[in-house]
Amino acid sequence: MRLARIILFVRNVAEVAEFYQKFFAMEPQPGASADWVELAGPGGNIAVHKAHGGAHPGPASPVKIVFYCDNIEAAKQSFSEQGLVFGKTHSYGELQFADAVDPAGNPIQISNR
């Protein structure tokens, strides 16, 4: 058994899917619609699903998506030049990470772990 995907419930599927494609080079998979886009990346898939009824999109999500990178400061600079600003870099020994949010308010992180 393996993890197939993480699903984010959002109000604006196209906007959030575009965010992950632009900043994290994730590729749309076959079967996309106005209510669903599955994106593939080297570490796994993220599906962006239109929030309906009881689904609660956005910042109340208890999930944080973490993307690995070797150099946090270089990544932050590159993202910033493209319009995505990460917060303060936190360091604990050799561990470094910084946080931001996607357009739906879901927390994301870049980390060297």
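**Questions about a predicted model**

Reader: Why is E38 called buried?

Author: Welcome! This is a predicted model, and the values here are computed from it. E38 has a relative accessibility of 11%, and buried means under 20%, so E38 counts as buried. You will find E38 in strand β3, residues 36-41.

Reader: What makes the pair of E38 and N45 a polar contact?

Author: The distance between their side chains is 2.9 Å, and the cut-off for such a pair of N or O atoms is within 3.5 Å. N45 is also among the residues in contact with E38 beyond its neighbours within four places in sequence, a list including A4, R5 and E27.

Reader: How do you know that the buried residues of helix α2 line one face?

Author: Let's begin with which residues they are: I72, A75, K76 and F79, in a helix that spans residues 72-82. Viewed down the axis of α2, these buried residues fall within an arc of 100°, so they line one face of the helix.

Reader: What do the buried residues of α2 pack against?

Author: They pack against α1 (13-24), β7 (95-101) and β8 (107-111).

Reader: What makes N71 a cap for α2?

Author: A side-chain oxygen of N71 lies 3.2 Å from the backbone nitrogen of E73, at the N-terminal end of the helix. After α2 comes G83, with a positive phi near 105°.

Reader: Why is the pair of F19 and F23 called tilted?

Author: A search of the whole structure finds ten aromatic pairs. In the pair of F19 and F23, the ring centres are 5.1 Å apart, and pairing needs centres within 6.5 Å. Their planes stand at 55°, while stacked is under 30 degrees and edge-to-face is over 60, so the pair is tilted. Both residues lie in helix α1, four residues apart, or about one turn of the helix. Both are buried too: F19 has 7% relative accessibility, and F23 has a relative accessible area of 12%.

Reader: What makes Y20 and F67 a tilted pair?

Author: Their ring centres are 6.2 Å apart and their planes are at 35°, so this pair is tilted. Y20 sits in helix α1 and F67 in strand β5, so the pair ties together parts that are 47 residues apart in sequence. Y20 is buried, with a relative accessible area of 0%, and F67 is buried at 16%. Both belong to one aromatic cluster, together with F19, F23, F24, F79 and F86.

Reader: Which residues have the most contacts inside the largest nonpolar core?

Author: They are Y20, F24, L84, F86, I108 and I110, in a core of 27 residues. Helix α1 gives the most to this core, with seven residues. Beyond residues up to four places away in sequence, Y20 touches several others, including L8, L39, I46 and I108. As a general matter, nonpolar side chains in soluble globular proteins tend to be buried together.

Reader: Why is Q96 called partly exposed?

Author: Q96 has a relative accessible area of 25%. Buried is under 20% and exposed is over 50%, so Q96 is partly exposed. Q96 lies in strand β7.

Reader: What makes Q96 and S91 a polar contact?

Author: Their side chains come to 3.3 Å, and the cut-off is within 3.5 Å. S91 is one of the residues that Q96 touches, along with others including I72, T89 and I110.

Definitions and conventions. Residues numbered from 1 in each chain as written. Predicted model: local features only at pLDDT ≥ 70, side-chain atom pairs only at ≥ 80, totals over all residues. Heavy atoms only, no water. Helix = DSSP H or I, 4+ residues; strand = E, 2+ residues; numbered from the N terminus. Buried < 20%, exposed > 50% of the residue type's maximum accessible area, 1.4 Å probe, protein only. Polar contact = N/O pair within 3.5 Å; in protein donor to acceptor, adjacent residues only side chain to side chain. Contact = heavy atoms within 4.5 Å. Arc of directions from axis to C-beta. Core = buried A, V, L, I, M, F, W, Y, C linked by side-chain atoms within 4.5 Å. Phe/Tyr/Trp six-rings, centres within 6.5 Å; stacked < 30°, edge-to-face > 60°.
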